[in-house]
Amino acid sequence: MTDQHDAGSPGAPPVYADATVMSGAGTAMIELESVDKFFDDFQALKDIHLKVASQEVVVVIGPSGSGKSTMIRCINRLEEHDAGRIVVDGIELSNDIRNITEIRRETGMVFQSFNLFPHLSVLDNVTLAPRKVRKMPKAAADQLGMDLLTMVRIPEQARKYPGQLSGGQQQRVAIARALAMNPKVMLFDEPTSALDPEMIGEVLDTMKELAASGMTMIVVTHEMGFAREVADRVVFMSDGQIVEVGTPEHFFENPQEERTKLFLSQIL
Amino acid sequence: MTDTAETLPPSAPKRARDPHRRGPAVWLRRNLFRSPLDGLLTIVFGAISLWLIYKTVNYVFVTGRWDVIRVNLRLLMIGRFPDVHVLRLAVTVVALGAWGGFIAGFIRGRQERSGRVPHGERFTAARALDIVMRLWLPAVVVLLLLLLSSTAGPWITTGLALVAAVAGRAIGPRFGRLRPGPIGAALIVTAIGAVPVGLYFYVVTAVGFDDWGGFMLNLFLALCAIVLCYPLGLLLALGRRSSLPLVRVVATVYIELVRGAPLFVLLLLANVALGFFVPDTLAPSTSTRAIVVFTLFTAAYMAEIVRGGLQSVPRGQFEAAKAGGLSPFQQTAYIVMPQALRNVIPAQIGQLISLFKDTTLAGIAMGVFELLRVSEAITAQESFRGQGLIAETISFAALLFWTVSYTMSRESQRLEQRLGVGTR
C-alpha cells in the first residue's frame with residue numbers, strides 16, 4: 001500500500017489523483033481496481049482505481065461524457081466492465097448471476113429519471129423488492145414502506161400513483177424504494193438533474209439526512225453546493241479517467257490539475 | 001368604468017349576436033346552416049340519411065320475412081343439440097351467470113380490501129345508470145331473442161341466470177375480502193377455474209363436441225382460442241426477444257410462418273391434411289382442430305402485439321427492476337409485462353374481435369355447423385326454399401356478431417380508462 005502512495009516512484013499517480021486513499025479508516029466497502037469499460041471502440045473508463053470506505057460519502061463530478069455515470073452503473077452491473085476488479089462489501093462482481101444479485105441487493109440506486117414503476121402505487125413501488133426478493137410478508141413490508149415514506153416525508157402519498165406526484169416527490173419515493181432493501185451502499189446517478197429548480201432542495205435535503213445517518217454513498221451530481229457541504233471526498237473525472245481527488249476544501253480552494261481548474265471555472 | 005356599465009342601456013341590436021343565446025333555431029343555424037355550402041351539405045346528407053333510415057325501418061318491420069328466423073331460432077343458437085340434453089345447457093348458462101357474478105363480486109372485494117374502493121358502497125342511481133350504459137345493447141338483443149322464441153325454456157333460463165348472477169355478485173365480495181394464505185388463495189383460484197372446465201365436461205359427456213352448433217359454437221370456439229392463445233402468445237413474444245439464439249430463431253420462424261399463411265388455408269389444412277398423418281380413429285374432432293388452428297394462428301399475432309408492448313416499456317424500468325435485485329423472471333412478471341400488456345390493450349382486443357368473427361371461417365373451411373352455415377342452410381329448408389331469404393338470415397347473424405364485438409370493444413375502452421393508459 002505505502003509503496004503505491006509514494007509520489008516519488010515513477011509511474012505512480014500524484015497524491016491528489018489517488019482515489020484509493022479513503023477518508024475514513026477501516027476496510028473498503030467498494031473497491032474498483034484497474035477498471036476499463038468500452039462501448040465498441042470508445043473507451044468510457046480508463047484504468048479506474050477507487051476505494052470507498054464504509055459510511056463515506058464520495059461525490060463524483062466532471063463534464064458530461066466523462067464516464068461518471070458509467071462508473072457507478074458498473075458497480076451494480078447495469079453496465080458490464082471489460083477489465084479490472086470491482087468488489088462490493090467483500091463480494092467480487094463476476095459473471096455469476098448469484099454474485100450479481102447479491103451485490104444488487106446490497107446497493108440501492110437512484111436514477112436521474114426516477115424510473116418509478118408507473119403501474120404500481122407509491123407504497124407498492126417501495127415494497128415490491130422486499131416482498132419479492134426478500135420474501136417479506138405483506139404486512140411487514142407495508143410497515144417498512146410507510147416508515148421509509150415517512151422518512152422521506154411523503155407518507156400521505158402512499159396510495160397514489162407515481163404519475164400523480166411532482167418530480168421532487170417522485171425522486172424521494174425512488175430514494176425510499178432504494179432504501180427498502182436495506183442496502184449498505186447507495187448510488188445516486190444525477191438525482192436532481194431532471195428536476196425543476198424549486199424541487200432540487202427537497203431531494204438534496206433527503207440525501208443530506210441519509211449521509212448524516214452514516215450511509216455509504218457515491219453521488220454523481222452537478223450540485224457543487226451539495227459536494228462542498230456533504231462530501232467526504234470529491235472525485236473529478238474527465239475523459240474516462242479520475243483526474244483529481246480530494247476533500248471539498250482541497251477541491252474548491254486549491255485544485256491542482258489544469259482540467260479541474262477549467263471545469264470549476266466553467267461551472268462556478 | 002362602473003359609470004359606463006351602469007348607464008349603458010340594454011342594447012337591443014346586440015342581442016342578435018349574443019353568443020349565449022340558446023334554442024333549436026340558433027343551434028340549427030350554428031351547426032347545420034352556417035354557410036350556404038353547409039346548408040347544401042346538410043340538405044343532401046340529411047335526405048340520404050332519412051332515406052336510409054326509412055329503408056332500414058321498412059325492411060325490419062314491414063318487408064323483412066323474419067319467419068325463417070323465428071322458426072329456426074333454436075337451430076341458429078345451438079345447432080342440432082339433442083332435445084333430451086338441452087336442460088344441461090340451461091344449467092350451464094345459469095351456473096355461468098352465478099360464476100360471472102361471483103368473479104365480479106370477488107374482484108370488488110379484493111379492491112375493497114386493498115383500499116382502492118370504499119367498503120360496502122351503496123347501490124346508487126349513478127351506479128345503476130353505469131350498469132345500464134354498459135349492458136343495454138346485449139340486454140336488448142337478448143330480449144329480442146327471447147321474444148322470438150316460441151317456448152318458455154329460454155325465458156326461465158335467462159331469468160334464473162340473472163338471479164344467479166346477482167346472487168353471485170352479492171356473495172363474491174365476502175370471499176374477495178378474505179386474506180387467505182397461499183394455500184387458501186390457490187384453492188380459491190382453482191375453484192374459480194374449475195367451474196367452466198367442469199361445465200364443459202358436464203355438457204360434452206352428454207353431447208359430443210361435434211354435435212354442438214349454432215352461435216353457441218362460435219362463442220365457444222372463440223372463448224377457447226382466446227384463453228389458450230394468451231400463454232402461447234406471451235411465450236412467443238418473450239422468445240423472440242430472448243438472448244438465447246435457438247429460442248429466438250424458433251419463435252421468429254413460427255411467428256413469420258403462421259402470419260404468412262391465410263387463416264382459411266390453415267383451417268383447410270387442419271381439416272384435410274391431418275388425415276394423411278394421423279389415423280381417423282386418433283384424429284381429434286373437427287371442432288377441436290378448429291380451436292387448435294385458431295389458437296396457433298392468433299398466438300402468432302398476439303406475440304407481435306405483445307412484442308410491440310414490450311418495446312414500449314422504457315429501458316429505465318428494466319434498470320430499476322434490476323437494481324432492486326429482482327430476478328429476470330420477476331422483472332418480466334411484475335414490472336415489464338404488466339406495463340407492456342396495458343400499453344397494447346386496443347390492439348389486443350382488436351385481434352380478439354377479429355378471432356371471434358373468423359370463427360365463421362370454420363364453417364366454410366371445415367363444415368362445422370356454426371351460425372353462418374346454419375344461416376345458409378335454413379334458407380334451403382322446404383318451406384323457405386327459393387325465396388331469397390339469405391338476406392334476412394345473414395342480417396340476423398351479422399346482428400349477433402356485431403353485438404358481441406361492439407360490446408367487447410366498449411369494455412376494452414372501459415378497461416383502458418380504468419388502467420389509466422396514457423396518464424402515466
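Trainee: In what order do the four strands of the open antiparallel sheet of chain A stand?
Mentor: In this predicted model, the pairing in that sheet is antiparallel throughout its description, and its edge strands, each pairing on one side only, are β2 (42–53) and β5 (91–92) of chain A. Between β1 (residues 28–39) and β2 of chain A there are eight bridges, while five bridges join β1(A) to β4(A) and two join β4(A) to β5(A). The order is therefore, with two strands pairing if at least two bridges are found between them, as follows for chain A: β2-β1-β4-β5.

Trainee: Which residue in β5(A) is the bridge partner of Val87(A)?
Mentor: Val87(A) lies in β4(A), where Glu31(A) stands opposite Val87(A). Towards β5(A), the strands β4(A) and β5(A) run antiparallel and form a hairpin with two residues between them, where Asp89(A) in the turn has a positive phi of about 50°. The bridge partner of Val87(A) in β5(A) is Glu92(A).

Trainee: How many residues apart are Arg85(A) and Glu33(A), which form a salt bridge?
Mentor: The closest N and O atoms of Arg85(A) and Glu33(A) are 3.4 Å apart, and the rule counts a side-chain nitrogen of Lys or Arg within 4 Å of a carboxyl oxygen of Asp or Glu. Arg85(A) belongs to strand β4 (residues 83–88) and Glu33(A) to strand β1 of chain A, so that the pair links distant parts of the chain, and the separation is 52 residues.

Trainee: Which are the edge strands of the open six-stranded sheet of chain A?
Mentor: That sheet is mixed in its pairing and has the order β6-β7-β8-β3-β9-β10, with neighbouring strands turned by 20° against each other on average, direction ignored. Within the sheet, β3 (residues 57–61) and β8 (residues 216–220) of chain A run parallel and are joined by four bridges, Val60(A) having Val220(A) as its bridge partner. Helix α5 (residues 167–179) of chain A packs on the sheet, touching β6 and β7 (185–189), and its direction makes about 170° with that of β6(A). The strands that pair on one side only are β6 (107–110) and β10 (241–246) of chain A.

Trainee: What is the area buried between chain B and chain A?
Mentor: The contact involves 20 residues of chain B and 25 residues of chain A. In chain B, Glu319(B), Ala323(B) and Tyr334(B) lose the most area to chain A, together 24% of what that side buries. Carbon and sulfur atoms give 59% of the buried area, which is about 1800 Å².

Trainee: Which side chains meet in the salt bridge across the interface of chain B and chain A?
Mentor: Side chains of opposite charge can pair when their charged atoms come close. Over all chains the count comes to 27 salt bridges, and across this interface the rule finds one. At 2.6 Å from N to O, the side chains that meet are those of Arg73(A) and Glu319(B).

Trainee: Which helix supplies the largest share of the side of chain B that touches chain A?
Mentor: Between the two chains, six residue pairs are in polar contact. Both α15 (315–323) and α16 (328–343) of chain B supply at least two residues of that side, whose residues divide into seven nonpolar, seven polar and six charged. The largest share, eight residues, comes from α15(B).

Note on methods: Residues are numbered from 1 along each chain as its sequence is written. Chains are lettered from A and ligands numbered from 1 in the order in which they are written. This is a predicted model: local features need pLDDT of at least 70, side-chain atom pairs count only at pLDDT 80 or more; totals for chains, interfaces and linings use all residues. Side-chain values use heavy atoms; hydrogens and water are left out. Axes are lines fitted to C-alpha atoms, for helices over the stretch in contact, and angles run from 0 to 180 degrees between N-to-C directions. Contact means heavy atoms within 4.5 Å. Buried area is the accessible area (1.4 Å probe) that two parts lose on being put together, summed over both. A polar contact is a pair of N or O atoms within 3.5 Å; within protein, one must be able to donate a hydrogen and the other to accept it, and residues adjacent in sequence count only if both atoms are side-chain atoms. Ala, Val, Leu, Ile, Met, Phe, Trp, Tyr, Cys and Pro count as nonpolar, Asp, Glu, Lys and Arg as charged, and the others, Gly among them, as polar.
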